[in-house]
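Dear colleague,

Please find below the structure that I am handing over to you. My notes on it follow, arranged by region.

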Amino acid sequence: MDKPGLKIGMKHGSGGRAMRQLIEDVFLSLASPVDGVGLAALDDGAALRVGDRWLVVTTDSHVVQPIFFHGGDIGRLSVSGTVNDLAMMGATEPVALTCAAIIEEGFARADLERIVASMRETAREAGAPVVTGDTKVMGKGELDGIVLNTTGVALADRVVTDAGLRPGDKLIVTGTIGDHGMAIMSMRHGLGLEGDLRSDVAPVNGLVREALRAGGADVVAMKDPTRGGVAGVLHEMAAKAKVGIVVEEQALPVRDEVRAACEMVGIDPLLVANEGKAVIGVRAASAEKVLAAIRAHPLGRAAAIVATATGDRPGAVILDTGFGKRMLAEPEGELLPRIC
C-alpha cells in the first residue's frame, strides 16, 4: 500500500512550490550537462549552442477546461504558450512548432475543426509554422475531451534566462494581470460576474522583440506569469538570482473587472494566471526606454514598472502597499487547476 503523501495531487501540476519540488525531486534525474541552458536550469526552455547562435527548444501540454472561453480556446492557448516560452528565452522568431493531439472518443469533430482553425490563425499571427505532429484517440471516459502538446524551436543570438537580476534592476509587467485566470474561473463555475472578463491569451513574441531591440543587453531576465501568476514568477526570479524583490502594489495594472472579481472571491490578482503577458527584468538605466517600446506595441499599452530588485533578503518578495510592507507568499499551487 502507498504511504500517505506519496501520491501526485493536482497542486503538483499547478505552477507553484509543490510542482517545482516534484520536478526537482523526480524529473531532474533526467538532466545531463549541456553547452548552454538545460533541464537543470528549470527555465522556460532549453538553449543549446549551435555555432555562434543558440537553438532554443521548449514543449508544453495544454489541458484547459473549458476548452472554449471568452477571449480564446485551447488551440490559441497551445500555440501562444509555446511561442511565449521561446520568447522568454530571447527567441522571438520561431522556426517551427509541432502539435500532438490526444482526443477522447466521442469528441465533436466540429469542435476539433474549430480548435485547429484557431491554432492556424494564431500560428500565422506569431509567424510560427506547424510542421509536424501526432494524433491519438483514447476511449470514452479515459480522457477529458482533448489534450494538446506543442513543441517549439527557434534560433537566438542571445539567450535571456530568468536568473539574471541584480540589485537595482527594474521589473516590468507588460500589461494587466489576472485576465486569463478570472475569465476561466467565471466560466467554469458559472459565477455570473459582471463586466467583460476575457482571457489575455496571445503570442507576445512581437512585443518581446521590441523590448529586446530597445534594451539590448540591459534586458536581463524574462518569464511569462502563467500558472502561479506574477507572484510565482517573482519568487522564481528572486530565488535564482539571490536578490530580494519589492513590488509596488499601486503600480500593478489590473482591469477594474478583474479587480472586482478577485475581491468578490477573495483572490489576489498577483496569484492569478496570465497567458499573454511577460515579466521583464531590465537594468535601471534602460527601464523607461524598454517600457516605452513595450507600450508602443498593441499588446503592451498597459505595461508598467512594478518592482525593484534589492540586495536585501535574497529570495524574498515584499509587497509595498503604500501603507506598509508585507511578505508576498509564494503560491503552493494554482488556485484553479487545469487553466492552461
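In which strand does Val-173 lie? Val-173 belongs to strand β9, residues 170–173; helices (H or I, at least four residues) and strands (E, at least two) are DSSP runs, numbered from the N terminus.

Two remarks on provenance come before the rest. This is a predicted model, in which local features need pLDDT of at least 70 and side-chain atom pairs count only at pLDDT 80 or more, while totals for chains, interfaces and linings use all residues. Residues are numbered from 1 along each chain as its sequence is written, and side-chain values use heavy atoms, with hydrogens and water left out.

To return to Val-173, this residue counts as buried, at 1% relative accessibility (buried means under 20% relative accessible area, exposed over 50%, and partly exposed in between, with a 1.4 Å probe and protein chains only). Leaving aside residues up to four places away in sequence, Val-173 touches Pro-253, Ala-278, Val-279, Ala-303, Ala-304 and Val-306, where contact means heavy atoms within 4.5 Å. Val-147 lies 26 residues from Val-173 along the chain, and their C-alpha atoms are separated by 29 Å.

The chain as a whole

The chain contains 8 helices and 15 strands. Its radius of gyration is 19 Å, close to the 20 Å that the globule rule gives for 340 residues, so the chain is as compact as a globular protein of that length. The radius is taken over C-alpha atoms, and the rule is 2.2 Å times the number of residues to the power 0.38. Along the principal axes, the C-alpha trace spans about 55 × 55 × 50 Å. Buried residues make up 53% of the 340. Among contacts with a separation of 6 or more, 83% are accounted for by residues 24 or more positions apart.

The open sheet

Six strands form an open sheet with mixed pairing, in the order β1-β2-β3-β8-β6-β7. β1 and β7 (130–138) stand at the edges with a single partner strand each, so one side of each has no neighbour in the sheet. Two strands pair if DSSP finds at least two bridges between them; β6 (residues 94–104) and β7 pair in the parallel sense over 8 bridges. Thr-98 has Thr-132 of β7 as its bridge partner.

Helix α4

How many of the 11 residues of α4 are buried? In this helix (residues 179–189) the number is 8, so described as mostly covered. They are Asp-179, His-180, Gly-181, Met-182, Ala-183, Ile-184, Met-185 and Ser-186. These buried residues pack against β4 (68–69), α2 (74–88) and α7 (256–265).

Val-26 lies in the loop between α1 (17–25) and β1 (36–37) and is partly exposed, with a relative accessible area of 43%. Ile-8, in the segment before α1, counts as exposed at 61% relative accessibility. The C-alpha atoms of Ile-8 and Met-19, 11 residues apart along the chain, are separated by 9.8 Å.

Yours sincerely
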